[in-house]
Amino acid sequence: MPTHTMRAIRLHEHGGPEVLRDDEVPVPEPGPGEVLVRVHAAGVNPPDWYLRAGMSGLPPETRPKFDLPVIPGTDLSGVVEAVAADVDGLSVGDEVFGLLRFPGFDGSAYAEYAAAPASDLALKPAGIDHVHAAGAPMAGLTAWQFLIELGHDHPPTFQAAKHRPVPLDAGMTVLINGAAGGVGHFALQLAKWKGARVIAVASGTHEPFLRELGADEFIDYTRHRPEEVVRDVDLVLDTVGGPDSRRLLHTLKRGGSQFPVFPGRFDEEENAKLGVTVSITQVRSNGAQLADLGRLLDAGTVRVAIDSTFALADARAAHERASRGHIQGKIVLTVA
Ligand SMILES: NC(=O)c1ccc[n+]([C@@H]2O[C@H](COP(=O)([O-])OP(=O)(O)OC[C@H]3O[C@@H](n4cnc5c(N)ncnc54)[C@H](OP(=O)(O)O)[C@@H]3O)[C@@H](O)[C@H]2O)c1
């Protein structure tokens, strides 16, 4: 049985990595539909530092307010320690991984224990350890929901129309910008799984890594601008996104699609003139899709690359690592 208190990283104020505090807090009680997970590893994702910074990238009047103190973190891998009475299908001792309550910001995974909705979890693939499993949920589900299957009927967050993945096959070329990062390296492998030809765009040091994951072509964006050297691509997945994403439209063939993973600025008239579609979605927790991804992880069809690991108490150093950029795969906190 768990003790009544645990170590957890909390924010008492918003700011830089130094506001991540190692605290002693009560072990959470699983609510209806939830299980208590003994966390073995917690993945680090961009929303963790957006929360830490108080969404400082948004105009002040549109920033959401968070109740502080708060435990950040959405991704975990661990072992079920207790199960609410209404939960079927998970038992004490099961090894699980998941993206918790996203797009909420109350996953609270940077802790020794987390209360997790059972529907957000899947059994951890037996063939990978907790560190690798904790690196998969948010980035893997983002790639899955953009490229393979949306998997829900919630109203779209960033656009009027529902996001629709483009069916991928061997006749298609996909350009992945930011291919070495968390989302990018999963997207590359999922596109290869579907048989597509993949052009990976990243800084030069990532070339051997991305070739090993299956990239057919590699563009070092510090030497060449993809929009100047690539034409007639069927799909662009731009994990960098933002205001600069629009330039990549020029790599597309007519009828092609661009999926900016981070919202950018596009012009409907330009899209229509080029004959292309731009579509974005926001990742959502989904245990069933994670189980599908888990089968690919177990089979070795898709692998989780680990950029670096840090002990839970060193979450500050993990965020400092993230702030230096050029991430290759995932940053993970080791807990148990
Ligand atoms: N829509 C959603 O639901 C959703 C879900 C998850 C993430 N996101 C967003 O997607 C973005 C990526 O997330 P992530 O977890 O994959 O981040 P990440 O792990 O930090 O990866 C970002 C990658 O982009 C590369 N990069 C940086 N500048 C670049 C440039 N100018 N051109 C090409 N590559 C560049 C970086 O390495 P190099 O520069 O060394 O190549 C790094 O590998 C974040 O903005 C995140 O907020 C959105």
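## Strand 8 and its neighbours

Strand 8 runs parallel to strand 11 (residues 233-238), and four bridges join the two. Within this pairing, Val-174 has Leu-235 of strand 11 as its bridge partner. The model described here is predicted.

Strand 8 also pairs with strand 9 (residues 197-202), again in the parallel sense, over five bridges. Here Leu-175 stands opposite Ile-199 of strand 9. Helix 4 (residues 182-193) belongs with these two strands: strand 8, helix 4 and strand 9 form a β-α-β unit that is right-handed.

## Burial of strand 8

Strand 8 spans residues 173-177 and is mostly covered, with five of its five residues buried. Its side chains divide between two directions: Thr-173, Leu-175 and Asn-177 point one way, while Val-174 and Ile-176 point the other way. Residues on both sides are buried.

The volume of the second largest pocket is about 250 Å³. Its lining consists of 14 residues, and those closest to the pocket centre are Gln-159, Phe-266, Glu-268, Asn-271 and Val-278.

Helix 7 (268-274) and strand 13 (277-278) each supply at least two residues of this lining. Helix 7 gives the largest share, three residues. By residue class, the lining holds eight nonpolar, four polar and two charged residues.

How values were computed
Residues numbered from 1 in each chain as written. Predicted model: local features only at pLDDT ≥ 70, side-chain atom pairs only at ≥ 80, totals over all residues. Heavy atoms only, no water. Buried < 20%, exposed > 50% of the residue type's maximum accessible area, 1.4 Å probe, protein only. Pairing = 2+ DSSP bridges. Right-handed = clockwise from strand over helix to strand, strands pointing away. 1 Å grid on protein atoms, 1.4 Å probe; cavity = no way out; pocket = protein on both sides within 12 Å on 5 of 7 lines; lining within 4 Å. Points joined across faces, edges and corners; volume = space filled by probe spheres on them. Nonpolar A, V, L, I, M, F, W, Y, C, P; charged D, E, K, R; others polar.
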